[in-house]
Amino acid sequence: MKTTTLGRGGPKITQFGLGAMSFAGAYGGTTQEKSNAVLDAAFDAGVTHLDTANIYGEGRSEEIIGAWLKDRPGMRDNWVIATKAGIVGAPERRFNNEGDYLEAELDGSLARLGIDHVDLFYVHRREAKIPIEDVAGSLGRLVKKGKIKAIGFSEIAPTSLRAAHGEHPVAAVQSEYSLATRACELGLVQTCAELGVTLVAFSPVGRSFLTDAPFTRGALDEIPFLNGNPRFQEPNYSANLEAVKPFLALARKMGEPAAALAVAWTRAKGDHVVPIPGTKSVPHLAELIRGAELELSEDDVAAIEAALPLGWAHGDRYNEYQWFGPEKYG
């Protein structure tokens, strides 16, 4: 499995990470045992990057990972672990980037994970009223305390990244990036490459549209986050299922799972781009990991982009409520 570094001069990681939002039931119910099986399979395949957040299931994702680590003494050293804070979920969704708050939330994450530091700590959403340089400075103080090894941000604009990076080196920016969501190409992919920042790409399989088994309408009834998403509401849902057919046909022609092709395409966008798909299923994980092993030629990339050209997706990637927080640019 190909490796890269987490930020300029950072630790070596696989150019593929495991996103842990699914462990908290965000895409349907799961269990500790099923999550353990996914984590075991990822470790056996050589994956070294694990990405979670305190908001996932109100800490449940971190608790699952912590329990898994506790039952496997010595396993922590095999992983580069990232978590996030900054979203206040109750009673009303808002953001808090104050230094004391972020440190307190980090302490809670460390307790749930059962570890003394994380390798990467992101601000999950930017609080606009606080200059991002100040936030980067607060995170830098956590580096000095030894609680984190590197700092990151999620869903920020290239200009914000430059400002934060000028205050303290930013190791990673996390953003949605896939064949279905390509806004990152309007400056974020390029700025990350210029500054030596890793672009951590979440939802690289388009929240299931870029797989051989997209969520059915019945399944969506159990997944509130997607059921309210414009791309999964009619008539967009049916239109998107139709639009991906050329891509699915191309994957079959190439003899690869569609999910593998989607992950491999994301990786092909730069050595600094690290997709972090999530799953509750070991067989689906195998398809995703195949994308971490698959190296695409220029002709392969061109064929994929011909099958799914820019702007093919019907509906916005977020609804109005979900757009509260991510910075728009371009």
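In strand S11 (residues 198–202), valine 200 is the bridge partner of glutamine 174, helices (H or I, at least four residues) and strands (E, at least two) being DSSP runs numbered from the N terminus. The model is a predicted one, in which local features need pLDDT of at least 70 and side-chain atom pairs count only at pLDDT 80 or more, while totals for chains, interfaces and linings use all residues. Residues are numbered from 1 along each chain as its sequence is written, and side-chain values use heavy atoms, with hydrogens and water left out.

Strands S10 and S11 run parallel and are joined by five bridges, two strands being taken as paired if DSSP finds at least two bridges between them. S10, helix H6 (residues 188–195) and S11 form a right-handed β-α-β unit; a crossover is called right-handed if, with the strands pointing away from the viewer, the path from the first strand over the helix to the second runs clockwise. Strand S10 (residues 170–176) also pairs with strand S9 (residues 151–154), in the parallel sense and over four bridges, and in this pairing isoleucine 151 stands opposite valine 170 of S10.

Strand S9 is in turn joined to strand S8 by three bridges, the two strands running parallel, and phenylalanine 121 stands opposite isoleucine 151 in S9. S8, helix H4 (residues 132–145) and S9 make up a further right-handed β-α-β unit. Strand S8 (residues 120–123) is covered on both faces, with Leu120 and Tyr122 buried on one side and Phe121 and Val123 buried on the other. Strand S5 (residues 80–85) pairs with S8 in the parallel sense over four bridges, and alanine 82 stands opposite leucine 120 in S8.

Helix H13 (residues 298–307) has Val301, Ile304 and Ala307 as its buried residues. Seen down the axis of H13, these residues fall within an arc of 125 degrees, so they line one face of the helix; the arc is that of the directions from the helix axis to the C-beta atoms. Glu298, Asp299 and Ala306, on the other side of H13, are exposed. The cover over the buried residues of H13 includes helix H9 (236–243), helix H10 (245–254) and helix H11 (258–267). Leucine 294, in the loop between helix H12 (282–293) and H13, is buried, with a relative accessible area of 11%. Apart from its neighbours within four places in sequence, leucine 294 is in contact with Glu256, Ala260, Leu261, Ala264 and Arg267, contact meaning heavy atoms within 4.5 Å. The C-alpha atom of leucine 294 is separated by 9.6 Å from that of lysine 2, although the two residues are 292 residues apart along the chain.

The largest pocket holds about 1,400 Å³ of space. A pocket is defined on a 1 Å grid over the protein atoms alone, as an open set of points where a 1.4 Å probe fits, with protein on both sides within 12 Å along at least five of seven lines, and lining residues have an atom within 4 Å of a point; grid points are joined across faces, edges and corners, and the volume is the space filled by probe spheres set on the points. Of the 50 residues that line the largest pocket, Met21, Ala26, Tyr27, Tyr56 and Phe225 are the closest to its centre. The elements giving two or more residues to this lining are strand S6 (87–88), helix H3 (99–113), helix H8 (224–227) and H12, and the largest share, three residues, comes from H3.

Several backbone features occur in loops. A cis peptide bond, with omega of about 5 degrees, joins glutamate 234 and proline 235, and proline 235 is found in the loop between H8 and H9. Glutamate 58, a residue other than glycine, has a positive phi near 55 degrees; it is found in the loop between strand S4 (49–51) and helix H2 (60–70) and counts as exposed at 71% relative accessibility. Serine 208 likewise has a positive phi, of about 105 degrees, although it is not a glycine. Serine 208 is found in the loop between S11 and helix H7 (217–220) and is buried, with a relative accessible area of 7%.

Note on methods:
Buried < 20%, exposed > 50% of the residue type's maximum accessible area, 1.4 Å probe, protein only.
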